[in-house]
Structures are given as structure tokens and as C-alpha cells.
Amino acid sequence: MTEDNNMNRRLIGLTQLAVEYCSACENAREMEREDFIDRMLDLLPRLYWEFFDISADEMVSLEEFPDFNDYVDEDYYESVRRHIEVLLGPDDTFLETFEEDMKYSDTPIAASIAECLADIFQPLFNFVSIVKDTEGDRIVDAFLDCKGDFEAYWSQTLCNVLRALNHVKYRGFE
């Protein structure tokens with residue numbers, strides 16, 4: 001297999017992974033709490049690895065993907081965040097140790113798992129929407145934009161929420 005074909009397959013696989021994540025977030029209200037947490041613990045490390053490891057340099061085309069709304073607006077973001085927050089209940093809040101203000105604070109700073117997951121949902125949803133809307137013609141551009149956002153902010157968010165979900169999974173269900 002040529003290097004270009006391998007890159008094409010990886011970008012298609014990453015897009016499919018992003019679709020799975022977005023679908024899980026969108027359908028959180030219909031899932032059992034433990035199943036949702038397990039799904040996030042499965043998807044988040046894979047998303048991190050792929051965005052960390054892939055560098056895009058060639059255009060590819062994609063097969064059909066499930067229909068999504070155009071892009072994430074504030075109301076849609078809030079809807080996804082609220083559904084996850086309700087699903088997780090009191091376990092939605094965790095202490096944020098990487099918050100910049102933490103070093104100046106005498107009190108812990110709380111963060112929300114639902115908000116973190118929605119913060120990851122937004123760039124992934126937009127990535128998938130661009131790919132779908134352009135029938136794959138802009139996958140490289142969409143990926144590079146999303147990877148830039150990953151490097152700038154949501155990679156740390158992903159690591160933090162993964163730690164919090166791990167805690168809920170193994171400490172919260174005892």
C-alpha cells in the first residue's frame with residue numbers, strides 16, 4: 001500500500017471515529033450512564049492518538065456519512081452539554097488541576113465533564129460537517145483546522161476529562 005493510500009485510509013478512519021464520538025454525545029440522553037462512560041473511555045484515547053499522530057498532506061474522498069446538522073451553534077452545544085450533565089448527575093463535576101487560575105487560587109477549581117465533552121464535540125462536529133458538506137473534498141483542510149484546535153486547546157481538555165471519567169468509572173461505581 002502506498003503512503004498516500006495509507007494517509008487516505010487514516011483520514012477516513014479518523015472521520016469515522018469523529019462521527020462515532022459525535023453520535024455518542026448526541027445520543028447521551030438515550031444511553032445508560034455506565035455505557036456512555038465506557039463509550040467515552042473507548043473513544044477519547046483513540047481520538048487523542050489519531051490527532052496526535054496524523055499529519056495530512058493529500059486530498060482524499062469519502063463515502064457517505066450520517067446526516068448531521070450544519071455546524072454547532074450555541075443552542076446545539078448547550079443541548080449536548082445538558083444531556084450529558086443530566087446523565088452523569090453529581091459525577092459531572094471534577095477538580096481541575098491544569099486550570100491556569102489554579103496556581104493563584106486557595107480553593108479548588110471545579111470543571112464539568114459534560115462541558116469538556118461538549119468542548120471536544122464542537123470542533124469534531126464541525127470537522128465532520130465540513131467533510132460531509134464538501135463530499136470529502138476539503139478533508140485535509142478540515143483536518144488541519146481541527147488539529148490546530150486540538151493542539152491549541154482540546155488536547156488538554158481531552159486528557160483532563162479522560163482522567164475524570166476514569167475516576168467516575170473505577171471510583172464512582174463502588
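**Reading cysteines, helices, core and rings**

Biologist: Let's start with C146: how far is its sulfur from the closest cysteine sulfur, and which residue holds that one?

Modeller: The sulfur of C146 is 8.9 Å from the one in C22, its closest cysteine sulfur, and that is too far for a bond. Bear in mind that this is a predicted model. As for the general idea, a disulfide is a covalent bond between the sulfur atoms of two cysteines. The cut-off used here is 2.5 Å between the sulfurs, and by that rule the count of disulfides is zero. C25 is in no disulfide either, with the sulfur of C22 being its nearest, 6.7 Å away.

Biologist: Are C25 and C146 buried or exposed?

Modeller: C25 is buried, at 1% relative accessible area, and C146 also counts as buried, with 3% relative accessibility.

Biologist: OK, zooming out. Which pattern does the chain follow along the sequence?

Modeller: Reading along the sequence gives α-α-α-β-β-α-α, with five helices and two strands. Of the 174 residues in the protein chain, 44% are buried.

Biologist: How should I read a helix, say α4? What is its span from first C-alpha to last?

Modeller: The general idea first: an α-helix has 3.6 residues a turn, so residues three or four places apart point the same way. Now the case here. α4 has 21 residues and spans 30 Å from its first C-alpha to its last, close to the 30 Å expected at 1.5 Å a residue. At its start, a side-chain oxygen of S112 comes within 3.3 Å of the backbone nitrogen of A114. After α4 comes E135, with a positive phi near 50°.

Biologist: How many of the α4 residues are buried?

Modeller: 15 of the 21, which leaves α4 mostly covered.

Biologist: Now the rings. How many aromatic pairs are there, and how do I read the geometry?

Modeller: There are eleven. For geometry, look at the distance between ring centres and the angle between planes: under 30 degrees is stacked, over 60 is edge-to-face, and the rest is tilted. Y48 and F150 are edge-to-face, 5.3 Å centre to centre with 65° between the planes. That pair links distant parts of the chain, since Y48 is in helix α2 (residues 33–53) and F150 in helix α5 (residues 139–171), 102 residues apart. Y48 is partly exposed, with 28% relative accessible area, whereas F150 is buried at 4%.

Biologist: What about Y76 and F121: what is the angle between their planes?

Modeller: It is 50°, with the centres 5.9 Å apart, so this pair is tilted. Y76 lies in helix α3 (residues 74–88) and F121 in helix α4 (residues 113–133), so the pair ties together parts 45 residues apart in sequence. Both Y76 and F121 are buried.

Biologist: Which residues do ring pairs link into a cluster?

Modeller: Y48, W49, F51, F52, F127, F143, F150 and W154.

Biologist: And where does the charged end of K169 sit?

Modeller: Over the ring of Y170, 6.0 Å from the ring centre.

Definitions and conventions:
Residues are numbered from 1 along each chain as its sequence is written. This is a predicted model: local features need pLDDT of at least 70, side-chain atom pairs count only at pLDDT 80 or more; totals for chains, interfaces and linings use all residues. Side-chain values use heavy atoms; hydrogens and water are left out. Rings of Phe, Tyr and Trp (its six-membered ring) pair if their centres lie within 6.5 Å; planes under 30 degrees apart count as stacked, over 60 as edge-to-face and the rest as tilted. Helices (H or I, at least four residues) and strands (E, at least two) are DSSP runs, numbered from the N terminus. Buried means under 20% relative accessible area, exposed over 50%, partly exposed in between (1.4 Å probe, protein chains only). A charge sits over a ring if NZ of Lys or CZ of Arg is within 6 Å of the ring centre and within 35 degrees of the ring normal. The expected span of a helix is 1.5 Å times one less than its number of residues. A polar contact is a pair of N or O atoms within 3.5 Å; within protein, one must be able to donate a hydrogen and the other to accept it, and residues adjacent in sequence count only if both atoms are side-chain atoms.
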